[in-house]
Amino acid sequence: YKSPWPIDLAKSELEIETYGQAPSSITLSRGQTGWLRIAGSEVGALELAEPKMTGGALPAKLFIGQRRLDRSSPLSPALAPLARTLVSAELASEDDPIGKQLVVEVSVPNDAAPGFYLGAVNTPERNIPFEVIVTSVDLPYAPSPIGVYLADPPHHHWLETDPRTDRACRYNTLASMGLTGLAPPLATPTPDKLEEFRQDVSMLGEHFGGQSNVSYQELQRLFEILGPEGALQALPAAVEAAPDLIWSAADEPSNPGLHGRSLADHVADIRTAAPAIRLAGHLNSQEDRQLLDLFDVALLNPGFGMDLVDFDELAQRDVDGWIYNTGPERLAAGFYGWRVGSKGYLMWHAMMPTADPFDPTDGREGDAILLPPVVEACAETPAIDERLIRIAEGAADRRWLAWLDEAAAVDPGAARFRSTLLDEIPSNWDEATQNLDGNSLDELRAQITDFASKAKGF
């Protein structure tokens, strides 16, 4: 850290290619949120004209990519002026000589009329029109939890302040983007904190109800605070308070230094104390295959293997397979997850600074913060990392795919189309990443929306 940090100017732009070709049109269902990327770099004052048609308009927000020196990857030894932090265009300086990369967010109300809505971004140099097609197709709720790991900002612990108001605002942000699950911050369910734990679970259900969320650290903390005997005594009440929660019992157990008491004995004690508990393991190594039968849910990354054959093995052993900490995010959460039968997706991390979140050089690795720190957590237009949009688009892809699954069960034409789509998506992760870029995912989504709209009549 004492050495000068080189700056890599080759990575100086918002990575539009990871999204696709910045199309000027997007098709959305009622209740969906979508994003339009505007290629190029704009200088001067910005004005957003919300998309409208006769009789109505759609709520929209304009974001700019705010350039910050940051590591292009967590372990990168160089910095790059990246524009992946998206902030409200109202914060933009009209005198910025470099120019601004733009993203338009459009939210479609549940009662919006189907039709063609026309909007524009106006700059001193040009008028940039875009179109939002609201279809009459109603999508099922996402069948799989797709989201992020989330912790309360550290300052709440330092200052001993209640984080719940800020947390609720972050839940609102994530849910409004279309994310459907979390590994959330929860009170450790010791006897004296059980009611607080119940309140946290209730708040979670208000925003992400109907899905199984992952408790990432609470089981470990329970054992650290109460010891094995006390934790096992407290666990049944905690499981009863959160019957849909999935409790992580192993976090990459093959990593060096994690060999302590037998994991099998530990899991056996937990299941004896709380037979209804659902246990998960985060597995990142081939060596972890011997542990599969300990868990109800296995979260996998490429280190373990996440090809179709791997998910088939899990299904044969009655273990639900999820994907975690794997990108490209939209591909892993969406079309590929559907192809291999993933039951969920989680990405690290919405709020996990290594040290100072505004200094990318002060930690052993870069910060993992998909919800960048801001003065006001409940701002009308919060700051977001563009990778969060990729995850949200993966969740949206799964909703369209869920519609197709339902249609294929009753319509031979939809079944044929579904079979064709399956053939377009490799069942091997390496092949999928090589063959499906952002443009390909846009095209796959367009195939489904076109088919669905024609089947519905619009």
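1. Let's start with helix α12, where G438, S440, L441, L444, R445, I448, T449, A452 and S453 are the buried residues; buried means under 20% relative accessible area, with a 1.4 Å probe and protein chains only. Helices here are DSSP runs of H or I with at least four residues, strands are E runs of at least two, and both are numbered from the N terminus. An α-helix has 3.6 residues a turn, so residues three or four places apart point the same way.

2. A word on the ground rules: this is a predicted model, in which local features need pLDDT of at least 70 and side-chain atom pairs count only at pLDDT 80 or more, while totals for chains, interfaces and linings use all residues. Residues are numbered from 1 along each chain as its sequence is written, and side-chain values use heavy atoms, with hydrogens and water left out.

3. After the helix comes G457, with a positive phi near 105°.

4. Do have a look at the open sheet of five strands, ordered β1-β9-β8-β3-β4 with mixed pairing. β1 (25-29) and β4 (56-57) each have a single partner strand, so one side of each edge strand has no neighbour in the sheet. Strands count as paired if DSSP finds at least two bridges between them.

5. Inside the sheet, β8 and β9 (residues 127-135) run antiparallel with eight bridges, and they form a hairpin with four residues between them. A120 has P129 in β9 as its bridge partner. β3 (residues 47-53) and β8 (residues 115-122) are also antiparallel, joined by four bridges, and L48 stands opposite V121. β1 and β9, by contrast, run parallel with five bridges; S29 is partnered with T135.

6. Finally, the largest nonpolar core has 92 residues, and V148, L174, F197, W247, L388 and I391 have the most contacts inside it. Such a core is a set of buried Ala, Val, Leu, Ile, Met, Phe, Trp, Tyr and Cys residues joined through side-chain atoms within 4.5 Å. Helix α9 (residues 386-408) gives the most to this core, with 11 residues. Another core of 22 residues lies apart from it, including I26, L28, L58 and I64.

Methods:
Buried < 20%, exposed > 50% of the residue type's maximum accessible area, 1.4 Å probe, protein only.
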